[in-house]
Amino acid sequence: MSTNKNFIKELNANMQDCNLPQIDVTDKVMQAISGTTVRKYKSWLAISMAATVILASGFGYAASSWKLFGGDGSVVLEYQSFSPDDQPVDVTIDLLQYIPEGEAALFYFKDNGSFISQVNEKVVTRADELVTAGVVPEPRADLSQGYTFLNGKLIHNIEPSPQMMEELVQKASQSNEEFVFDLLAHSGTIGYFATYQNAEGLTVTLDSLEGERWKTIFTDNMDHIKEKLQFADGTEALYIEDAAGKQRIVWMSEANGRLVYYRLQSDVATKEQLIQLAEGI
């Protein structure tokens, strides 16, 4: 992961069947950002994706891993299994109901001492509404095989401070509620989430994020990674299929001199169709 270990914000799923995985930002990350010693609270930032992931920052446990290599032989993306001690927090409450559209919030749960950060992103129905935000690479209005843009959301950077976390803990100590929260500002865009639909009504989703933040990913779904692929241009990718039949292809590419992490997924397209779509991006 990049030395700029900023907090990653929540990307709200606009697909009903997406799970709520978490990203664990441990004390090492907090200290790397602020230079401040933080009391040992687990900090979780929710990302609405269908696989549980944890961004790595010099911590974690790798019982096994899958690596993707760039043209120069360097590792550009690595999926690793993680320690049971770093399991994500299960959240059954719809936290977005507490956040106005376009705003972000940091939640603190008293029972397990966990922080969860979410952003209630605005859904847009035109790709150019995402383009004007300056996202790199620019979102596509259409993909191959007749898929056109249906809707999407930006992904913003979010950086809760250690001071804000401490203040929430103090606030919780004076409250009888299960959790407490405060709104906070989010900063520049770091990617987007888009859904595309074809004439038959079939959909695929594409996540695109700044690659430096996603070079190492911890996951509890290593057994869902089926194989390493290679696109026609030599780019390596991972093909993932879960028990429910949802298929994903993840890879790292370069756009305008910057690494970009892509994740294309569908539960209706065939593996071959998904590969062809990915190669055209």
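The model is predicted: local features need pLDDT of at least 70, side-chain atom pairs count only at pLDDT 80 or more, and totals for chains, interfaces and linings use all residues. Residues are numbered from 1 along each chain as its sequence is written, and side-chain values use heavy atoms, without hydrogens and water.

Helices (H or I, at least four residues) and strands (E, at least two) are DSSP runs, numbered from the N terminus. In β5 (residues 75–81), six of the seven residues are buried, meaning under 20% relative accessible area with a 1.4 Å probe, protein chains only.

| β12 (residues 216–219) | parallel | four | Ile217 and Tyr79 |

Five residues lie between β4 and β5 in their hairpin, and Gly73 in the turn has a positive phi of about 90°.

Ser175 sits in the loop between α3 (162–173) and β9 (179–184). Ser175 counts as buried because its relative accessibility is 14%. Residues up to four places away in sequence aside, Ser175 touches Lys110 and Val180; contact means heavy atoms within 4.5 Å.

A nonpolar core is a set of buried Ala, Val, Leu, Ile, Met, Phe, Trp, Tyr and Cys residues joined through side-chain atoms within 4.5 Å. The largest has 27 residues, and Tyr196, Val204, Ile249, Trp251 and Leu264 have the most contacts inside it. Helix α4 gives the largest share of this core, four residues. A second, separate core of 16 residues includes Trp214, Ile225, Ile240 and Val250.

Methods: Buried means under 20% relative accessible area, exposed over 50%, partly exposed in between (1.4 Å probe, protein chains only). Two strands pair if DSSP finds at least two bridges between them.
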